Amino acid sequence: MRNPVAALLLGILIGAGGLYFMLPYDAAAVLSGRAEVAVSAGGAVPDVDRAGAGETLQRIKRRGFLHCGVSQGLAGFSSPDERGRWSGIDVDYCRAIAAAIFGDGEKVRFRPLSAKDRFTALQSGEVDILSRNTTWTMSRDTQLGFDFAGVIYYDGQAFMVRKDSGITNARQLAGATICTQTGTTTELNLADYFRGRGLEYRVLSFEKNDEAISAYDQGRCDGYTTDASGLYAERLKMQRPEDNIVLPEIISKEPLGPVVRQGDPQWADIARWTLSALLNAEELGITSENIEEMRESENPLVRRLLGAEGSYGASVGLGPDWVIDIVRAVGNYGEIFERNVGVDTPLGIERGLNALWTDGGVMYAPPIR
Amino acid sequence: MSAIDMMGPPQKSGSVLGWLRRNLFSSIGNTVLTVIAAYLLWLTVPPLLNFAIFDAVWTGDTREACLGEGKGACWPLVWANFDQFIYGRYPASEIWRVNIVFALGFIALVPMLIPSAPAKRFNVILLLVVYPLIALVLLAGDRPGLPPVPTSEWGGLLVTLVVAVTGIVVSLPLGIVLALGRRSSMPAIRMLSIIFIEFWRGVPLVTVLFMASVMLPLFLPEGLSPDNLLRCLVGVALFSSAYMAEVVRGGLQAIPAGQYEAARAAGLSYWQTMGLVVLPQALRHVIPGIVNTFIGLFKDTTLVLIVGIFDILGQVRAQLSDPNWTVPQGALTGYLFAGIVFWIFCFGMSQYSNFMERRLNAGRGR
């Protein structure tokens, strides 16, 4: 072997061979994480398809953490901050579930999913729950084999216009040019809205959202439309955010909610009642700050919610302190909202429809009793 | 008069004007092209420099620093998120492990790249056998003193390099074997090689990654499903091997039959013929093609984003959604940064391939 190239090739082959013999061993032992190895070593792992009542919770407990599918970056709902920590409403909801199960809101791993592969990932068991600004529609609920656990954010398509245009409601948009992203339901909703009212309009569609927003910012369109929560995020990308206003009309219903696989009623119950617990906690004035005093409360509603009376946690396979753990970890729904998208954040979204029913919104959770 | 008298005085060489006239304004056509090119440069380069350097915001702690009229790139966004761009969500307390892996790779690679450095054979084994083992143990952990870091926490440049380096290291030997197999006289081996190559060349990488990441768990029980990043690594390696095989086959076909015949006549076995006579010549011919495949592979690593793994580009996009750093010029700044990082690596690879080509062709230079 005097030829250096031959020596190089031999070296590469040996290296590849070494990799080959090493990977099957390490793939199981190292790369897939210790907890999952423990599961496989324990045997008796049920197939995802055969997950019956209680199986999902069992599997999560054995694994030691929750797999939560979130978006790949949507301001206020799920986005990584500069220290790499995920934050947002969808993220906090998953932390709430992790807290309910483990008493620790950090025992959750986030799996960023694109709009395309989110449902496949849930079906295949890659994630236990999909908390990814997904609109609850009948077709998704009935045809894909999923259950929606409720509504965590009432969204809807809305318009943004420049303040100096003098437009204050959507009817004044007659004859206007609207910028939007192509290939989504926003275009369809837009057409429905204007045709239904016999109004003229022109639409300028772009492949990428960033192109649509910069076209609007450069004055090529009079208005820009997407879901209201997105409008507030997009407004931050403008040269002068304060010169643009979001019109009050909501032209489509986009109730966003967490999704679970069908076939495990207990897991669906946990998802649904975690959401209800967040809302009931806000309704009863229980916050992450006063949770310790609230444990001493005489109010029967509070006592039931916090597990001092009854055994509501146990009925879904959780501990008696499940709501206490949730509120300690992430606070109540109002706290989550204000922390991630509320008026004090850069997004600055009002509660609006997402206020409690007692405050003029439509957030109404079934009681825990 | 002889032809020599007809020629004018020789042009002054070395002066700027002479150079300009010879290279840029030698004919009407060239003059027009020069003017158009200069105009296009004038249109694009100054705004780019203004945006990236002169009007850019260089310091600041919050998004407010980057707001306002006429401000260029928002570099504080990059500084603030720099760790995310490089390491992804790798735990901050464990980042030293990634740094050691980067440093060791650099230390092992540099003497490999310098032709005059000694102990090449030792270096090869170090780089291709010892180093990957050390890197794997350090990055994945789960050893005494090294807490495990699941691959879902890896990200940024770390993932880009892991995917690209694995693809490069696996695809070259596998590609050579496949190319030899496709030219083999044994029908079974030839058919298998052809099927493998044509299958992997026939499907898009996006499909491969999507199948590996999302569809595979449907067929396997949960305990068996391998790690998501590992699935991507296998997919990328097999995919690039098929491309590499065709590049190498091109080189093999350029070797005259006389070389094979002479080697066999000299009594060399098949492997000796290939290893000592044919491959050294063939690979030298296809260095540009090999490096081309490497560069393409390096850039294709961004596709792992679709299976939920954030490479550097995906990490940039994810960080851009952070409302605390959403600024008008944020997307441009982030993509500019990612572009610069990719350019450094790809340009480095192409320059090294040029250097190797010149060196290996020194004897036959024209």
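The secondary structure of chain A comprises 14 helices and 13 strands. The model described here is predicted. In chain A, 47% of the 369 residues are buried. Of the contacts in chain A between residues at least 6 apart in sequence, 71% join residues at least 24 apart.

One part of chain A is an open sheet of 5 strands, arranged in the order 10-9-11-8-12 with mixed pairing.

Strand 9 (residues 177-181) of chain A pairs with strand 10 of chain A in the parallel sense over 5 bridges. Within strand 10 of chain A, A:Ser205 is the bridge partner of A:Thr180. Strand 8 and strand 11 of chain A, by contrast, run antiparallel and are joined by 5 bridges; in strand 11 of chain A, A:Gly223 is the bridge partner of A:Val161. Strand 8 of chain A also pairs with strand 12 of chain A, in the antiparallel sense and over 3 bridges. Here A:Met160 has A:Val246 of strand 12 of chain A as its bridge partner. Of the 6 residues of strand 8 of chain A, 5 are buried, so this strand is largely enclosed by the rest of the structure.

Helix 8 (residues 209-217) of chain A lies across strand 9, strand 10 and strand 11 (223-227) of chain A, and runs at about 160° to strand 9 of chain A. Helix 9 (residues 228-235) of chain A lies across strand 8 (157-162), strand 11 and strand 12 of chain A, and runs at about 125° to strand 11 of chain A. Helix 9 of chain A is mostly covered, with 8 of its 8 residues buried. These buried residues are A:Ala228, A:Ser229, A:Gly230, A:Leu231, A:Tyr232, A:Ala233, A:Glu234 and A:Arg235. The elements that cover them include strand 7 (153-155), strand 8, helix 8, strand 11 and strand 12 of chain A.

A:Gly198 lies in the loop between helix 7 (185-196) and strand 10 of chain A. This residue has 7 C-beta neighbours inside 10 Å and therefore counts as exposed, the cut-off for exposure being 12 or fewer. A:Gly198 and A:Ala174 are 24 residues apart in sequence, and their C-alpha atoms are 9.1 Å apart in space.

Strand 13 (residues 254-261) of chain A has 7 of its 8 residues buried, so it is largely enclosed by the rest of the structure. Strand 5 (residues 129-135) of chain A runs antiparallel to strand 13 of chain A and is joined to it by 3 bridges, with A:Leu130 opposite A:Val259. Strand 6 (residues 146-148) of chain A is likewise joined to strand 13 of chain A by 3 bridges in an antiparallel arrangement; A:Asp147 has A:Val260 as its bridge partner. Strand 7 of chain A, too, runs antiparallel to strand 13 of chain A, with 3 bridges between them, and A:Glu254 is the bridge partner of A:Asp155.

Chain B contains 16 helices and 0 strands. A compact globule of 366 residues would have a radius of gyration near 21 Å, but that of chain B is 26 Å. Along the principal axes, the C-alpha atoms of chain B fill a box of roughly 90 × 70 × 40 Å. Buried residues account for 37% of the 366 residues in chain B.

Key:
Residues numbered from 1 in each chain as written. Chains lettered and ligands numbered in written order. Predicted model: local features only at pLDDT ≥ 70, side-chain atom pairs only at ≥ 80, totals over all residues. Pairing = 2+ DSSP bridges. Helix = DSSP H or I, 4+ residues; strand = E, 2+ residues; numbered from the N terminus. Contact = placed C-beta atoms within 7 Å. Axes fitted to C-alpha atoms, helices over the stretch in contact; angles between N-to-C directions. Rg over C-alpha atoms; globule rule 2.2 N^0.38 Å. Buried ≥ 20, exposed ≤ 12 C-beta atoms within 10 Å, placed from the backbone.
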